Amino acid sequence: MTHRVISPQHGGEAAGPLAAVDKVKGGLKFHLHPDAIPLATPWQVALERASRLAELELPGGVILDAACGSGIQLAAHMLATQRAGLGIEADEVVALSAAANMWRVGTFDRSEEAPWLQSSRVIVGDGTDSKGAMAVVGEVTIGVLQLDPARPQNSRTHGLDEMSPQLDEVFSAWAEHLAVTERGPALLLDLSPRLSDSQCSEVEALAETQWPGVAKTWEWTSRGGGRIDRLSLWLGAASSPGVETRYVRIPPHSQQAAIIVVDSHTRGETRTDPSSSPIESPSPSEGSARSLPRVGEYMTILDAALVSSGLAEPWLDTVLPQQERFRWLEREGRRPVITHLRQLEIDPEGESLLVQASGRIIAIISMEITLENVPLLVDIAVENKLHPVTIRAPLDPEIQPRVQAALHRMLRDKGGVSPGFVLCDPSSSRLFICRE
Ligand SMILES: C[S@@+](CC[C@H](N)C(=O)[O-])C[C@H]1O[C@@H](n2cnc3c(N)ncnc32)[C@H](O)[C@@H]1O
């Protein structure tokens, strides 16, 4: 494949339609070719991780993105580190958009004249062909290798051999051009959260083959809704000393700081595999006998993405008073629930994003949630001055909104002062009514 170079300001109007980026003050816009939209890194995610990358002691040199797509992640790295970027993209139109997006980010930052922007380039070409790339831009030293390979979009799983470009080919092509610190070269691999634990081990093995003993930090990123959006592997000088795994919850507003949960020991041990069967037995932290939750205990529905990253337990250790023990009532699915004796000690501004709801059980009843039974829930809510009360139980989607609306309507003007929620015990017909 022949390589062709594009400078940022020459990405131009052929670069695809402009789309505004949500929640960015002053209206930063990006050129996004329709085919590149599902693959593009959301700006808030890109900038948040770029800011953390910039805080590390990185080797000197440019930032190479060997499959740069829209260039959004590369431009965020350039902005945060104030380093020149070199993007390589196989698709010519997408490469044009990457160059144009670098320029948009640079001009948004009023850095038109900055050397890091002026010397940045996008190459239309193959990210595994370092010789071809260097033939058109000259010899460059790479300070950070960023790689977010394309993968099939329409299947739940995919193999490493379906990634394009292939990780090992990119590693071997660029290894000799990567500058190092005493912690090795700096690489950030953006991977799919659909990778299984064994595929993650395969990725580690590929990195080890090229850089034996290289330090690794795995990162699960979520923008909410209980979904893991990104899985990334930070290698060598880009890894965080002593941190094997971390969970990053990107907040809804760009002014808020991300919530970061770290653990040094859990990778691959407690992560919930999406395909595994539900865990019915208690977790190791809860003792052997599963007694039923009682009135007065607390129930907390955790962020499902935190739980599936395997980092719920280390986080709970930091927010349960005196490292109190807790029990899992439900560990799988959209509403993972724990019970505990005392209130969580969390910062309401930030860490509350890791909790869907938390409250004290004020009543336990054996009942099905139906439209006919709503008055019974209303009686309990009125007696305990609850308002509003949210149903947080899996109900038929046809019935759920009707039951919820009836509950709201019947509780209006009944003097309730505290919000509450209703949960159901996954192993019985019991309902727990909780005050938040
Ligand atoms: C997941 S996207 C990258 C998204 C990017 N991180 C962003 O922020 O927009 C992967 C890109 O790699 C490109 N690609 C696939 N194989 C390639 C190769 N061998 N060399 C260069 N680019 C390649 C695809 O065209 C696609 O645009």
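Predicted model: local features only at pLDDT ≥ 70, side-chain atom pairs only at ≥ 80, totals over all residues.
For T41, an N or O atom of the side chain is 2.9 Å from an oxygen atom of the ligand.

## The surrounding shell

The ligand has 22 residues around it, of which S70, E89, G127, D148 and S164 come nearest; a residue belongs here if one of its heavy atoms lies within 4 Å of the ligand. This shell comprises eleven nonpolar, eight polar and three charged residues, with Gly counted as polar and Asp, Glu, Lys and Arg as charged.

## Helix α2

Because nine of the ten residues of α2 are buried, this helix is largely enclosed by the rest of the structure. Buried means under 20% relative accessible area (1.4 Å probe, protein chains only). Among the buried residues of α2 are I72, H77, M78 and T81. Just after α2, Q82 adopts a positive phi of about 55°. Helices are DSSP runs (H or I) of at least four residues, numbered from the N terminus.

## Basis of the values

Residues are numbered from 1 along each chain as its sequence is written. Local features need pLDDT of at least 70 and side-chain atom pairs count only at pLDDT 80 or more, while totals for chains, interfaces and linings use all residues, and side-chain values use heavy atoms, with hydrogens and water left out.

Terms used
Polar contact = N/O pair within 3.5 Å; in protein donor to acceptor, adjacent residues only side chain to side chain. Buried < 20%, exposed > 50% of the residue type's maximum accessible area, 1.4 Å probe, protein only. Helix = DSSP H or I, 4+ residues; strand = E, 2+ residues; numbered from the N terminus.
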